[in-house]
Amino acid sequence: VRSNETAPDALENGVFPNAEIGIAEADKPYMVYLQQNTSRENPAERSQVVIRESSSDGWKDAYVIEDDETGDYNPSVASVGDKALVVWADSSTKLPLSGNLSVADIQSGIASKLGISAAVYDGKSDNKVSGIVKLNTN
C-alpha cells in the first residue's frame, strides 16, 4: 500500500499464525484457511479449518468445517460445481495439556496423531457440511 492509499480491510483478524490459505474457483471462489479458536484450552489444539465463499457482496463469513476440538492442519480446497471439497490433516485425538512438554514433544505428539479428513461444503444447504470422512487415522 502506498502512503497515499488506504489499506484494504482485513477479512478476519486473529487467524492462526500460519493460516495456510488455499483458494479454488469453478462456479465461484472458495477460500480455506486455519482459524485460531482461542476458546480451546490447549494451544496445540487451537487451529481449525474454516471456509469462505465469494458472493457478489464479497466474501461470506467464515464457516467452521468440523469442530471436534482437535487441531487441524494443511487445508486444501477444490471446487466441484457449486460445492467445495475440503481436505485437511486432522488430529485423531486431543493432546494432553501439560506445561512440561517441549516444542519437540508437542510436534511429535501431533504428528503421531494426524490423519486425513475430507468433507463437502455446500453453502446453499442448511447443513452446509456433509460427508465428513476420515480417510485414514492414527
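Which residue forms a salt bridge with D82, and how far apart are the closest N and O atoms? I looked this up and found K124, with the closest N and O atoms 2.9 Å apart. I count a salt bridge when a side-chain nitrogen of Lys or Arg is within 4 Å of a carboxyl oxygen of Asp or Glu.

**Ground rules**

The model is predicted, so I note that local features need pLDDT of at least 70, side-chain atom pairs count only at pLDDT 80 or more, and totals for chains, interfaces and linings use all residues. Residues are numbered from 1 along each chain as its sequence is written, and side-chain values use heavy atoms, with hydrogens and water left out.

**Entry: D82 and K124**

I placed both partners. D82 sits in the loop between strand 6 and strand 7 (83-91). K124 sits in the loop between strand 8 (114-121) and strand 9. The pair links distant parts of the chain, 42 residues apart. Strands here are DSSP runs (E, at least two residues), numbered from the N terminus. I then checked accessibility. D82 is partly exposed at 25% relative accessible area, whereas K124 is exposed at 62%. My cut-offs are under 20% for buried, over 50% for exposed and in between for partly exposed (1.4 Å probe, protein chains only).

**Entry: the tally**

I found 9 salt bridges in the structure.

**Entry: R40 and D67**

I looked at R40 next. Its side chain meets that of D67 in a salt bridge, 2.7 Å from N to O. R40 lies in the loop between strand 2 (29-36) and strand 3 (47-55). D67 lies in the loop between strand 5 (63-64) and strand 6 (72-80). The two are 27 residues apart, and the pair links distant parts of the chain. R40 is buried, with a relative accessible area of 7%.

**Entry: K134 and D68**

How far is K134 from D68, N to O, in their salt bridge? I read 4.0 Å. K134 belongs to strand 9 (residues 129-136) and D68 to the loop between strand 5 and strand 6, so the pair ties together parts 66 residues apart in sequence. K134 is partly exposed at 39% relative accessibility. D68 is also partly exposed, at 26%. I followed the shared partners too: salt bridges join E66, D68, D90 and K134 into one network.

**Entry: S54**

Is S54 buried or exposed? I find S54 buried, with a relative accessible area of 18%. S54 is placed in strand 3. Leaving aside neighbours within four places in sequence, S54 is in contact with K28, P29 and W59. Contact means heavy atoms within 4.5 Å.

Note on methods
Helix = DSSP H or I, 4+ residues; strand = E, 2+ residues; numbered from the N terminus.
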